[in-house]
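Colleague: I'm new to this one. Could you walk me through how to read it?

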Amino acid sequence: MSSYKELLAQREQLDKQIKEAVLREKAEGIAKAKLIIEEYDLTAADLFSRKAGGARSPSGKVAPKYCNPSTGETWTGRGKAPRWIEGRDRNSFLI
């Protein structure tokens, strides 16, 4: 059975090997990604847009869906409803 000090030394060596492996594999992954990006002439927008999963505008904002005719205040229909539309027929406020 190994002693406490021997186990600590082994752990230190394993931690070092793990860090080296992470750096090596990360560099390999980056190199592969760069090749694919160059091969397909990809842009950041191609890689990081959310169009495939859920269509969002580039700014992340959502167009308003409802409007208070007396104040001009708008609401997207997301989140908690504003007081001016609570308990009312929302169809009458559609934009």
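Modeller: Helices (H or I, at least four residues) and strands (E, at least two) are DSSP runs, numbered from the N terminus. Keep in mind that this is a predicted model: local features need pLDDT of at least 70, side-chain atom pairs count only at pLDDT 80 or more, and totals for chains, interfaces and linings use all residues. Residues are numbered from 1 along each chain as its sequence is written, and side-chain values use heavy atoms, with hydrogens and water left out.

Colleague: Is Asn 68 buried or exposed?

Modeller: Buried means under 20% relative accessible area, exposed over 50%, and partly exposed in between (1.4 Å probe, protein chains only). Asn 68 counts as buried because its relative accessibility is 8%.

Colleague: Which residues is Asn 68 in contact with?

Modeller: Contact means heavy atoms within 4.5 Å. Leaving aside neighbours within four places in sequence, Asn 68 meets Glu 73, Trp 84 and Phe 93. Trp 84, with residues up to four places away not counted, touches Tyr 66, Cys 67, Asn 68, Glu 73, Thr 74, Trp 75 and Phe 93.

Colleague: Which residues make up the largest nonpolar core?

Modeller: In soluble globular proteins, nonpolar side chains tend to be buried together. A nonpolar core is a set of buried Ala, Val, Leu, Ile, Met, Phe, Trp, Tyr and Cys residues joined through side-chain atoms within 4.5 Å. Here the largest one has six residues: Tyr 66, Trp 75, Ala 81, Trp 84, Ile 85 and Phe 93. Across the protein, buried residues make up 9% of the 95 residues.

Colleague: How far apart are the end C-alpha atoms of helix α1?

Modeller: The expected span of a helix is 1.5 Å times one less than its number of residues. Helix α1 (residues 4-40) has 37 residues and should therefore span 54 Å; its end C-alpha atoms are 53 Å apart, which agrees.
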